[in-house]
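Here's a walk through one protein model, taken a piece at a time. Have the sequence and the 3D view ready, and let's look around together.

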Amino acid sequence: MSNAPVDKGRRRFLTVATSVVGGAGAVGVAVPFIASWNPSLRAKNAGAPVEVTGLSKLEDGGIIRVEWRGQPVWVVRRSPEMLEALPEHDDRLRDPKSEEPQQPEYATNEYRSIKKEIFVAVGICTHLGCSPQYLPEEMGDHVNGVQAGFFCPCHGSTYDIAGRVFEGVPAPLNLVVPPHYYVDDNTILVGEDKGQA
């Protein structure tokens, strides 16, 4: 053991320096570790709203297909004839007044939409998740006397042009109407519903 005097100032400096370096190292390890808990950019984008443009160029009976949260979303421009025919088959529908919560409050109306001529729906059958076909001309053999709608080829479920399910098919519910709002007359943002009453 040495009898040399102890330099307390140097000891304090070394203790503080070691603590600072150790703390910086702990922060250097903790920041990336905690950041790894955040969802990835891909995961954030998967749930991000989707902008649908070109509504002004969409002709009667036309459809725009986009993807939101990994699901197909349809934007259909309904013709005046399609809209006039909607109430004619209410007695053949499972939920004609859309009482089940398959749509936002602002789409709980006879058209299941904000603007009656534009219908927005998730293109997934409510039976087992297949994607129905859009039939703009005639439902033909699938539903007699109905001008336009959607037919699921997997198990035969049928929906009218407002996405309301017909009785006697496997699908239990109407098609889902996602949250959406009009940015302007030409653009819809699917995935958000701000600005709607």
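## A guided look around

Let's start with Arg112, which sits in the loop between α3 (80–85) and β4. Helix and strand names like these come from DSSP runs, numbered from the N terminus: helices are H or I with at least four residues, strands are E with at least two. Before going on, keep in mind that this is a predicted model, where local features need pLDDT of at least 70, side-chain atom pairs count only at pLDDT 80 or more, and totals for chains, interfaces and linings use all residues. Residues are numbered from 1 along each chain as its sequence is written, and side-chain values use heavy atoms, with hydrogens and water left out.

Back to Arg112: its phi is near 55°, a positive value in a residue other than glycine. Arg112 is also buried, at a relative accessible area of 0%. (Buried means under 20% relative accessible area, exposed over 50%, and partly exposed in between, using a 1.4 Å probe and protein chains only.) Now look at Arg69, in the loop between β2 (63–68) and β3 (71–77). Phi of Arg69 is near 55° too, again positive in a residue other than glycine, but Arg69 counts as exposed, with 51% relative accessibility.

Next comes a sheet. Three strands form an open one in the order β5-β6-β7, with antiparallel pairing; two strands pair if DSSP finds at least two bridges between them. The edges belong to β5 (133–135) and β7 (158–160), and each has a single partner strand, so one side of each is left without a neighbour in the sheet. On average, neighbouring strands here are turned by 25° against each other, direction ignored; the axes behind such angles are lines fitted to C-alpha atoms, for helices over the stretch in contact, and angles run from 0 to 180 degrees between N-to-C directions. Strand β6 (residues 149–151) meets β7 over three antiparallel bridges, and Phe151 stands opposite Thr158 in β7.

How many disulfides does the structure hold? There is one, counting a pair of cysteine sulfur atoms within 2.5 Å. It joins Cys130 to Cys154, S to S 2.1 Å. Cys130 lies in the loop between β4 (118–122) and β5, Cys154 in the loop between β6 and β7, 24 residues apart. The torsion about their S-S bond is about -105°, so the disulfide is left-handed. Cys130 is buried at 19% relative accessibility, while Cys154 is partly exposed at 40%.

Cys125 is in no disulfide, and its nearest cysteine sulfur, that of Cys152, is 3.9 Å away. Cys125 is buried, at 4% relative accessibility. Cys152 is in no disulfide either, and is buried at 2%.
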